[in-house]
Structures are given as structure tokens and as C-alpha cells.
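Biologist: Before I rely on the labels in your annotation, I would like each one set against its rule. Can we go through them with the model in view?

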Amino acid sequence: MSSTTSRLMKELRARIDGRPTPGAVPPPAPLVHRPLAPGSRLARDTVRKGDSAARFVLPPPLPVKNAAALAELRRATPALVGVGRAGLRYRTETLLDFLTRFAVAKAAVESQVPAGWAEQHGMLPLETEAETPEQFLARPDLGRKLSAASMRAVAERCAKQPDVQLVVGDGLSANAVMLNAPAMLARLVPELERRGLKVGTLVFVRHARSRLVDVVGQAVGARVGVILIGERPGLGTGDGMSAYLVHDPHVARTDAEKQAVSNIHARGIAPEEAALHAARVIQAILEQRTSGVKLDLTRLESPTAGRAR
């Protein structure tokens with residue numbers, strides 16, 4: 001138990017027993033208890049509901065001291081910052097904005113890659129052991145295993161011993177993959193070939209989790225595995241894709257041994273820029289023969305183009 005936890009527990013026990021505690025943080029000041037203004041709408045509602053004639057009322061919102069700083073903060077993040085309140089609740093416009101963003105995120109999770117999409121983009125279609133979208137969400141472990149038929153397809157139709165095996169998975173946002181993966185692959189594959197690297201057979205896996213890169217990469221004996229996958233949506237951001245890269249992929253690899261290129265979408269890192277950065281990271285992985293936390297990228301150029309915030 002840490003010293004901080006131990007101290008807090010001693011203070012709590014002393015407070016319960018009514019004993020003074022040297023150095024203890026004083027309790028917060030009580031809320032202001034103010035009666036409602038006679039005749040006000042809130043007072044009328046309170047009487048109709050049979051509540052007490054007086055209740056706790058929050059003070060009005062504080063005025064913004066630095067409007068320029070708040071505006072800059074809002075531009076820097078899609079999060080709902082400094083939205084204010086109406087009494088104890090969100091303002092109506094804030095609530096409607098929140099519900100809209102939530103609907104976008106929910107739609108992203110429920111989106112599906114249509115049949116034939118993989119073939120149209122030159123990929124071998126594969127499936128995991130998760131047979132339905134509902135099963136995929138409820139059983140993440142099934143999304144990390146290829147079905148028996150797909151394992152046979154990898155064995156029979158995929159090129160073996162590539163330098164780089166590229167995998168596309170729908171993950172938690174098929175929309176994100178359909179929007180960003182084709183553009184990224186169109187830039188990444190020729191860039192890898194320009195560097196003299198052999199790229200394996202492109203595959204798309206339905207109902208996939210990120211660790212599928214280890215399964216496919218191990219099956220074909222790749223030196224580096226890369227999976228492009230739809231990320232868990234945030235509020236209003238259902239189009240984000242990430243790339244996870246791993247040296248010598250196999251099923252025992254941990255997340256700490258993987259390198260991530262995240263925030264790939266129109267408002268973050270453009271797919272084309274992400275492709276160039278991923279190619280540089282792949283080169284570093286091959287040269288250093290490692291990935292994840294042991295990989296040194298301090299000399300690598302960071303992706304910046306495409307950021308539109």
C-alpha cells in the first residue's frame with residue numbers, strides 16, 4: 001500500500017471517529033443554501049411537486065476570463081470543452097450536439113463492409129471465428145482467430161516469406177477502413193516496393209481485432225506485419241483508422257511489441273502521409289530487428305501533413 005493511500009485511510013478513519021487529524025485536508029465548504037425567489041417559475045414547479053420551499057441552488061456560471069484561450073482550446077480538440085450549463089443541466093444545443101455525436105459513433109460501430117468490397121480493392125477476403133457483428137462485439141477473442149476456411153485460404157493463396165504482410169481489418173469502424181485504407185495502400189505498397197521490399201498478398205479480414213496481424217503474419221512467415229484497422233469511435237469521430245506494425249509477427253507477441261500509427265483520417269493524419277510514415281517505420285523495424293517500446297524512432301521524421309485542425 002502506498003504512503004499516500006495509507007495516509008488517506010488514516011485520515012478517513014479519524015474523520016469517521018470524530019478525531020482531529022494533523023495535516024489532513026479540510027473538508028469542502030458546504031453548498032450555499034438559498035431560498036427560491038417567491039413567484040419564480042422554479043418555485044412554482046417546486047410547490048407543485050410538493051418539495052421543500054427551499055433547496056440548494058448553484059450560483060450562476062462564472063464569466064470567461066480568457067475568451068481567446070478558450071477559443072484556441074476548442075479549436076485544438078473535438079471534445080466538448082467550455083460548453084457552459086443551464087442550471088444543473090447541459091444547454092439544449094449542447095445536449096443535441098452530444099446526441100448527434102453519439103449517433104455518429106454508434107453508426108460507425110454498426111457499419112459493415114459490403115460483400116465484394118475486398119475483391120474490388122485487390123484483397124483476398126478472410127473471416128474470423130466471429131460469425132455475426134453481435135458475436136464480434138460480445139466475444140473479442142473470436143475476432144483474434146481466423147476461421148478454418150480462412151486459414152486454408154491463407155495457406156493456399158498467400159505469398160510466403162514476404163518482407164511485409166499487409167492486413168486490413170474492419171475492427172470497430174468499417175466506415176473508417178472503407179474511407180482510409182484504399183488511399184493508404186495505394187501509397188504504401190509502391191513506397192515499400194520502391195525501397196526494395198517484397199509485399200505479401202493483400203488480405204481483408206471481416207470482424208477482425210488488431211491481433212489478427214500476428215496470426216496472418218505468422219502463417220505466411222513475414223518479417224514485418226501491418227494491420228490497418230478501424231478504431232473504436234469517439235464522440236463524432238467514427239472515421240479514425242490506425243495501423244499497427246510488428247516485427248516477426250507471431251501469436252505470442254504483446255501489445256508492447258507493436259508500433260502504432262493512429263489518428264488516420266481527414267482531420268488527423270491524411271492516409272497518404274500515414275503511408276509514407278509507416279514505410280519509414282517499417283524500414284526502421286527491419287534495420288533494428290525489433291518493434292514496439294524497444295524501437296528507436298528519435299531520428300525519424302514525424303508525420304505532420306494532412307492535419308487540418
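**Labels and their cut-offs**

Biologist: Strand S4 (residues 164-169) and S5 pair in the parallel sense over 3 bridges. What makes these two strands count as paired?

Modeller: Two strands pair if DSSP finds at least two bridges between them, and S4 and S5 have 3. In this pairing Gly169 stands opposite Val205 in S5. Between the two strands the chain passes through helix H8 (residues 174-194), and the β-α-β crossover is right-handed. That label applies if, with the strands pointing away from the viewer, the path from the first strand over the helix to the second runs clockwise. This is a predicted model, in which local features need pLDDT of at least 70 and side-chain atom pairs pLDDT 80 or more, while totals for chains, interfaces and linings use all residues. Residues are numbered from 1 along each chain as its sequence is written, and side-chain values use heavy atoms, with hydrogens and water left out.

Biologist: Which strand joins S5 through 4 bridges?

Modeller: S3 does, and it runs parallel to S5. Glu127 stands opposite Arg206 in S5. As for the side chains of S5, Val203 and Val205 point one way, Phe204 and Arg206 the other way, and all are buried.

Biologist: Why is Phe204 called buried?

Modeller: Its relative accessible area is 2%, and buried means under 20% (exposed is over 50%, partly exposed in between; 1.4 Å probe, protein chains only). Trp117, at 6%, is therefore buried too. By the same cut-off Glu191, found in helix H8, counts as buried at 7% relative accessibility. Glu191 touches Leu276 and Ala279, leaving aside residues up to four places away in sequence; a contact means heavy atoms within 4.5 Å.

Biologist: How many aromatic pairs does the ring rule give?

Modeller: The count is 1 aromatic pair.

Biologist: Why is the pair of Trp117 and Phe204 called edge-to-face?

Modeller: Rings of Phe, Tyr and Trp (its six-membered ring) pair with centres within 6.5 Å; planes under 30 degrees apart are stacked, over 60 edge-to-face and the rest tilted. Here the centres are 5.6 Å apart and the planes at 70 degrees, so the pair is edge-to-face. Trp117 is in helix H5 (residues 117-120) and Phe204 in strand S5 (residues 203-206), 87 residues apart.

Biologist: How do you know that Arg209 lies over the face of Phe136?

Modeller: The rule asks for NZ of Lys or CZ of Arg within 6 Å of the ring centre and within 35 degrees of the ring normal. Arg209 is at 4.5 Å from the ring centre of Phe136.

Biologist: What makes the buried residues of H7 lie on the same side?

Modeller: In helix H7 (residues 148-157) the buried residues are Ser150, Ala153 and Val154. They cover an arc of only 100 degrees around the axis, which puts them on the same side of H7; the arc is taken over directions from the helix axis to the C-beta atoms. Ala148, Ala155 and Glu156 are exposed on the other side of H7. Strand S3 (124-127) and helix H9 (212-220) are among the elements covering the buried residues.

Biologist: Why is H9 described as largely enclosed?

Modeller: 7 of the 9 residues of H9 are buried, so the rest of the structure largely encloses this helix. Among them are Leu212, Asp214 and Val220. The cover over the buried residues of H9 includes H7, S4, S5 and strand S6 (224-230). Gly221 follows H9, and its phi is positive, near 70 degrees.
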